[in-house]
Amino acid sequence: MRVTQGCFSFLPDLTDEQISKQVQYCLANGWAVNIEFTDDPHPRNSFWEMWGLPMFDLRDAAGVLMELSECRKVYGDRYIRLSAFDSSHGWESVRLSFIVNRPADEPGFRLDRHEVAGRGIRYTTNSYAADRPEGQRYGGK
Amino acid sequence: MNAISMTVRGKDRYKSGVMEYKKMGYWEPDYTPKDTDIIALFRVTPQDGVDPIEASAAVAGESSTATWTVVWTDRLTAAEKYRAKCFRVDPVPNSPGQYFAYIAYDLDLFENGSIANLSASIIGNVFGFKPLKALRLEDMRLPVAYVKTFQGPATGIVVERERMDKFGRPLLGATVKPKLGLSGRNYGRVVYEALKGGLDFTKDDENINSQPFMHWRERFLYCMEAVNKAQAASGEIKGTYLNVTAGTMEDMYERAEFAKELGSVIIMIDLVIGYTAIQSMAKWARRNDMILHLHRAGHSTYTRQRNHGVSFRVIAKWMRLAGVDHIHAGTVVGKLEGDPATTRGYYDICREDFNPTRLEHGVFFDQSWASLNKMMPVASGGIHAGQMHQLLDHLGEDVILQFGGGTIGHPMGIQAGATANRVALEAMILARNEGRDYLHEGPEILAKAAATCTPLKAALEVWKDVTFNYESTDMPDYAPTASVSM
């Protein structure tokens, strides 16, 4: 399966040139771009690991692409996403977020049903990959 | 026409008998509204032969302290403070016999945090007043002092996006069809297919409550199976607006509690449940981390005709105060009423922290929202993937695009319909961010995306000629070039 989180997951994977244009759009809006990675893509895992800090005061997308390339060297077997933060009053959160790297194989999620009183069911989503310790998922390095 | 005050003062003001409203203190052209006053703008159509100033003063009177005759008991009160004051009357451009009346109300006339009280005053009695042919409440200026007495949207746009983990694009939804007749199990099937195909939300229709073919618990249980299955299949957060509208508050609370127990992120209500019920559900939603969707069922009975009723921009303001998170606000290009400029005005009211006066959008006042949460407008009714560039241009990014027929009616099935919409949307956002002239290159951008997406190709083919071009019945009175002294 294909994890479809993020803004562009229904399109073919973006090329570095396409990624660069999206980053430039964020920078032109005054947003700080952050690189984040994880091997636990649970839909409610909000806090992916940060590859350094959001790149405040950056003007050229090339800087982000350089960092992304470094991050891929270390964590190329995991999910990597770019998130753009807008500090304007009334927003002060993420404005754009999209996946830029995926594991070669995405085994997806198991839905566990815990049957309770009446016809009620408590649902839990489990990532098959997350059954193993962090760093050893997706064939890990 | 804004002549001098005619107010009778002193002892003569209170002589028993009937006196014209404009002489009783309801017409005060020299009055400067205070920052804390509520200001209402009415479109007044007096009966033939009735002086527009007198008609406007009567509206001020009948929506505040006046009755048809002088009463001595006014003298026991600070009557001048409590009288609503009409301070300006302008002829409506290009509409003979209609007048815009600006009326200021002292803040003490209203109870804190109560749309019921506000509306009972402003639209309570006066709309049936005989000397008027018709009356419409066009807009209101709500002072910050009053705005701050309301909770506002339970969740708000930013927190909704954080909870749903969806940033940078409009959200996608679909209303389950057919509206009526599906069993709970069949209904859940539609929800699952649509969500798995790529939509973020599905939606109950306004009249899906608890009927013989599907009682509400059946719907809730099967829908949550569908939501959770689609979440696991996509790795994304999904939701379905479970309509908790019912005959009593007790029933609504019971349904909302059950939705929460099942892990739903969102519930929905209909406008017809009433302002107080809406405020109660908004408080419940805030307490229970629930997004609250409002379907504006019934609004066209009083918002659509230009000369009589209440403008939807006023309803949108009241609903932002009342505390809903989603509100249907028009599509421009779809099957339901919505002139582009007027619709833009509604969207601004939902989403901005400050609305400057924009007569060309029908926005008559500067309105500060004092950091009250923002409402997500919903575009629903007769829209399809082939219009994606126009929808993005008219409605922007913070909106929910709901393709009901445009998902479920897809020739290859519901999942394919959902995928077509999602691919079209992502392709358009990508192109916009790249700086392309997406509005004009839209068809080209869609065609290119369709080259690698068969469902989109089929959607573009089947709906290519569908448009709804009818003249609007409600549009702004001022053209963009008109200069009106304020």
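In chain A, 54% of the contacts between residues at least 6 apart in sequence join residues at least 24 apart, a contact being two residues whose C-beta atoms, placed from the backbone, lie within 7 Å. In chain B, residues 24 or more positions apart account for 75% of the contacts with a separation of 6 or more. The model behind these values is a predicted one, in which local features need pLDDT of at least 70 and side-chain atom pairs count only at pLDDT 80 or more, while totals for chains, interfaces and linings use all residues. Residues are numbered from 1 along each chain as its sequence is written, with chains lettered from A and ligands numbered from 1 in the order in which they are written.

Chain A first. Its two helices and six strands follow the order α-β-β-α-β-β-β-β from the N terminus; here helices (H or I, at least four residues) and strands (E, at least two) are DSSP runs, numbered from the N terminus. The C-alpha trace of chain A spans about 55 × 40 × 25 Å along its principal axes. Of its 141 residues, 31% count as buried. For burial, 20 or more other C-beta atoms must lie within 10 Å of a residue's own; 12 or fewer make it exposed, anything in between partly exposed, with C-beta atoms placed from the backbone.

Four strands of chain A form an open sheet in the order S2-S1-S3-S4, with antiparallel pairing, where two strands pair if DSSP finds at least two bridges between them. S2 (49–50) and S4 of chain A sit at the edges with a single partner strand each, so one side of each has no neighbour in the sheet. S1 (residues 32–38) of chain A is joined to S2(A) by two bridges, running antiparallel, and Phe37(A) is found opposite Glu49(A) in S2(A). Packed on this sheet is helix H2 (residues 61–75) of chain A, which touches S1, S3 (79–86) and S4 of chain A and makes about 10° with the direction of S1(A). Such angles run from 0 to 180 degrees between N-to-C directions, with axes fitted as lines to C-alpha atoms, for helices over the stretch in contact.

Further along chain A, Pro107(A) falls in the loop between S4 (93–101) and S5 (109–115). Pro107(A) counts as partly exposed because it has 14 C-beta neighbours inside 10 Å. Neighbours within four places in sequence aside, Pro107(A) contacts Tyr128(A) and Ala129(A). From Gly52(A), Pro107(A) is 55 residues away in sequence and 28 Å away in space, C-alpha to C-alpha.

Where the chains meet, 28 residues of chain A contact 31 residues of chain B. On the chain A side, helix H1 (16–28), S4, S5 and S6 (121–127) each supply at least two residues, and S4(A) gives the largest share, five residues. By type, that side divides into 17 nonpolar, seven polar and four charged residues. Ala, Val, Leu, Ile, Met, Phe, Trp, Tyr, Cys and Pro count as nonpolar, Asp, Glu, Lys and Arg as charged, and the others, Gly among them, as polar.

Now for chain B, with its 17 helices and 15 strands. Its radius of gyration is 25 Å, close to the 23 Å that the globule rule gives for 486 residues, so chain B is as compact as a globular protein of that length; the radius is taken over C-alpha atoms, and the rule is 2.2 Å times the number of residues to the power 0.38. The C-alpha trace of chain B spans about 80 × 50 × 35 Å along its principal axes, and 54% of the 486 residues count as buried.

Eight strands of chain B close into a barrel, S5-S6-S7-S8-S9-S11-S14-S15, with parallel pairing. Neighbouring strands are turned by 25° against each other on average, direction ignored. S5 (residues 171–175) of chain B is mostly covered, five of its five residues being buried: Leu171(B), Gly173(B) and Thr175(B) lie on one side, Leu172(B) and Ala174(B) on the other. Three parallel bridges join S5(B) to S15 (residues 400–402) of chain B, where Leu171(B) has Ile400(B) as its bridge partner. S8 (residues 266–270) and S9 (residues 291–295) of chain B pair in the parallel sense over five bridges, and Met268(B) has His293(B) as its partner in S9(B).

The largest nonpolar core holds 171 residues, of which Val59(B), Cys86(B), Ile103(B), Leu292(B) and Ala424(B) touch the most other members. Such a core is a set of buried Ala, Val, Leu, Ile, Met, Phe, Trp, Tyr and Cys residues joined through C-beta atoms within 7 Å. Helix H15 (residues 414–433) of chain B contributes the largest share of this core, twelve residues.
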